[in-house]
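Morning, everyone. I have one structure to walk through today. Here it is on the screen.

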Amino acid sequence: MNHINEISKRKAINFFALSLAGAAAGLGLFWLIFILADVLRHGVAYITPALFLNEAAPPGLDGGGLKHAFIGQLLITLFAVLIGIPLGILGGTWLAEYGRHHSIGRLISTLSDIMISVPSIVIGTFVYAIFVKPIGHFSGFAGALALAIIMIPVVLRTTEDMMGLVPWEIREAAFALGAPYYKVILQVVYRGAATGIFTGILLAIARIAGETGPLLFTSFNNMFLTTNMNEPMPSLTVTIYQYAMGPYDDWHEMAWAASFVITLFILSLTILGRLIIRWKYKN
Amino acid sequence: MATTIKREYTFDKFFSGITFAAAFLVLAIIVSIFISLFRESLTAIDAFGFFGFISSTAWDPVREQFGAATTLYGTLITTLLALIMAVPVSLGIAIFITELCPKVLKPIFSTAIELLAAIPSIIYGMWGLFTFAPLMGEYIEPILQKSFKPIPLLGQLFTGVPLGIDILTTGIILSIMITPFIASIVRDTFALTPIQLKESAYGIGATRWEVIKDVIIPYSKTGIFGSVIIAMGRALGETMAVAFVLGNKHAIATSLFDASATITVTLANEFTEADGDLYLSSLFYLALILLGMNFLLLAIAKTFLARRGR
């Protein structure tokens, strides 16, 4: 009898513990839905054509928009991508190919992993020290540089991993035809790893698109539309911060609308990236 | 023919050269981050020293007295709180994904949890400031205060006026943000447990929970430890979400309902306004300390994760 009691006690503990795990999973989903629904609820209401078409109105006046911040964000991200992606792909190429047996290659690979987790605001202070301070003013370029530095290790590590997935025999087949190594890489390995690298780029863009901290003291902010990368430049994220902390209701509304746009953009990129990975590497 | 081969050889050298330069750039960037932050901090290092700086609670721009104790304390206490809440939940999520979730739902549920990590920190800040903090201040914190304040010692943690802009709210938001990091690494580590070990345990009549508790978790402990340290690094460096809900107050808080400041928030709020070399230099010094802590933690985590499953 005692024996049966023991078994039912163990079963009860089992049920209880697994229910807790289920509850934890439910909690995770709850937060996700809570946050997304909240951004959706607040954001959608304030999405108006004026948001995209108008520049900032003087504080307290109606009818302002965030055109300047959208354009600034696009420009900063574009320049960051132009700097960060080629460097990341080239560096990853060396780690996966020429440098794969070098100890310095392994060191760089490990350091990149660590650098991915360096607080982004520290990157901001670094760019301030080496770029903003010497030239004497904030600029869109400085913001792009900060984002590029955040991006490089991400792209580099994905490239390295994705090129490593291309079977070595395929390279040997190309070598056997007399192709030099750079041609093997450019025409064979890149082709095999293209989808993976592309996904890595999508995820890296998703990562930098929401960055605020590193822009605070590099591109700074600006209430006016500018396409001059050498001037302080507005970005959506810094504008959200400024508007959310500000005293005006219409600022808060615009901050919500901008939050919605940026969340939608980033989550779409992330989900797209995951779908591509699943579609490509499942079969 | 010979010239073609020679040309190809030159091209190859060239290509390997530029790829090496790009890879080396990462090393160069990391070294220059350390060097330049150190150089910018020199003024503050000269003025306050290391132990003097981290043990001083002063943060007075007017009298030019700066210390890292309050911000360091704020950083560590919010991180600790976040870990306490995130670790059990993350383990639960990892157990759910590997052992309980129906196979068709697995990828969907994993992606959903990872989306929590994709939401930018400023969005957590917006949600925290306008939705979650008022909720905490109006409903949850008064209830907590009522039930815990009478308890001696523990009650001290629940004193003060609950406004929602405080350490507790920050800790909860941080814990939501780091949960996906722990959960996904632990899930991968759980999956490394050899099936033979699990089946032998089932074979001698262990329940599912006993297999998890006595086989999978002990087998995965290095991975779990590594993931917790990585999450700690993330929480230490989190900026915008914290900037919205912590209140930016330079003081040693003794209650969960007190406002506080972290290194990151101090940087975000004061960096562009810092007048005076010593002020700016002290901020750089804070950044350097944060970078040092983060680097150290990540290096430890990498060693643990490399040993995983051995």
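Let's start with the domains. In chain A, the centres of domain 1 and domain 2 are 35 Å apart, taken over C-alpha atoms. Keep in mind that this is a predicted model. Domain 1 of chain A covers 2-45, and domain 2 covers 50-281.

How many residues does each domain of chain A put into the contact? Five come from domain 1 and five from domain 2. On the domain 1 side of chain A, the residues touching domain 2 are three nonpolar and two polar, with no charged ones.

Now chain B. Chain B has 12 helices and two strands. The C-alpha trace of chain B spans about 75 × 65 × 35 Å along its principal axes. Chain B has 310 residues, and 48% of them are buried.

What about contacts inside chain B? Take those between residues at least 6 apart in sequence. Of these contacts in chain B, 75% join residues at least 24 apart.

Last topic: the two chains together. On the chain B side, 66 residues are in contact with 72 residues of chain A. Which element of chain B gives the most to that side? Helix α1 of chain B, residues 2-48, with 19 residues. By class, the side of chain B touching chain A holds 45 nonpolar, 15 polar and six charged residues.

That's the tour. Questions, please.

Definitions and conventions. Residues numbered from 1 in each chain as written. Chains lettered and ligands numbered in written order. Predicted model: local features only at pLDDT ≥ 70, side-chain atom pairs only at ≥ 80, totals over all residues. Helix = DSSP H or I, 4+ residues; strand = E, 2+ residues; numbered from the N terminus. Buried ≥ 20, exposed ≤ 12 C-beta atoms within 10 Å, placed from the backbone. Contact = placed C-beta atoms within 7 Å. Domains from an automatic or database assignment. Nonpolar A, V, L, I, M, F, W, Y, C, P; charged D, E, K, R; others polar.
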